[in-house]
Amino acid sequence: MKQTITQILFATDLSRNSTYALKHAASLAASTGAKLHVLHVSEPLSDDALITLRMFMQDTGSRNEALKARHDHVKAVLTERQKAFWAALPEADRGIQDQVETIEIIDGHPAEVILRRAHQLNCDLIVLGAHDHGFSHTFLGTVAKRVLRRADIPTLVVPYRDDETSN
């Protein structure tokens, strides 16, 4: 049988559950020999947030600097989480990190960007985490639903785990 999974897109929202979902993506990459692409989509600021930013930072340079600082913060968090994830793996499993082909942060609407990058990278599988209940569940759960509804490749949604094994 021909190998069907050669490129995996792991979409992370940097939540606690995303680490648990990354374990599944890394395990699948290890089992199949697939390349792993890590993606975080930074959502655009709402219109209200942009208006507030313009009101309190009337200088265009200051606004641009604030937006750059926002992006830099997300990049630092993603880098820190990746480093901690790979360091926590048993020594025998750390070679899976060599299968990580790309780590990207892209601004845009999450479902659209995830689907577009999966297509551009010729991915055979999308892996993303489900969310716990609460305010973010409704909004972020929508991302998973939109990806599932529109994806033309297999998509694995890893359920939220509220126990010590999800760390």
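**Notebook: sheet, helices and salt bridges**

I began with the sheet, which is open and has five strands in the order E3-E2-E1-E4-E5, paired in parallel. I took strands as DSSP runs of E with at least two residues and helices as runs of H or I with at least four, numbered from the N terminus; two strands pair if DSSP finds at least two bridges between them. At the edges I found strand E3 (100-107) and strand E5 (155-158), each of which pairs on one side only. Neighbouring strands of this sheet are turned by 20° against each other on average, direction ignored.

The model is predicted: local features need pLDDT of at least 70 and side-chain atom pairs count only at pLDDT 80 or more, while totals for chains, interfaces and linings use all residues. Residues are numbered from 1 along each chain as its sequence is written, and side-chain values use heavy atoms, with hydrogens and water left out.

**Strands and helices**

I next looked up E1 (residues 7-12) and E2 (residues 35-42), which run parallel and are joined by six bridges. Ala-11 stands opposite Leu-39 in E2.

Axes are lines fitted to C-alpha atoms, for helices over the stretch in contact, and angles run from 0 to 180 degrees between N-to-C directions. Helix H1 (residues 16-32) lies across E1, E2, strand E4 (125-129) and E5, and runs at about 175° to E1. Helix H3 (residues 60-88) packs on the sheet, where it touches E1, E2 and E3, and its direction makes about 155° with that of E3.

**Salt bridges**

I searched the whole structure for salt bridges and found four, each being a side-chain nitrogen of Lys or Arg within 4 Å of a carboxyl oxygen of Asp or Glu. For accessibility, buried means under 20% relative accessible area, exposed over 50%, and partly exposed in between (1.4 Å probe, protein chains only).

Among them is Lys-35 with Glu-101, at 3.7 Å from N to O. This pair links distant parts of the chain, with Lys-35 in strand E2 and Glu-101 in strand E3, 66 residues apart. Lys-35 is partly exposed at 32%, and Glu-101 is partly exposed at 47%.

I also noted Arg-94 with Glu-91, whose closest N and O atoms are 2.8 Å apart. Arg-94 is partly exposed at 31%, whereas Glu-91 is exposed at 61%.

In the pair Arg-117 and Glu-104, the closest N and O atoms are 3.0 Å apart. Arg-117 lies in helix H4 (residues 110-120) and Glu-104 in strand E3, so this pair ties together parts 13 residues apart in sequence. I recorded Arg-117 as buried, at 13%.

Notes
Contact = heavy atoms within 4.5 Å.
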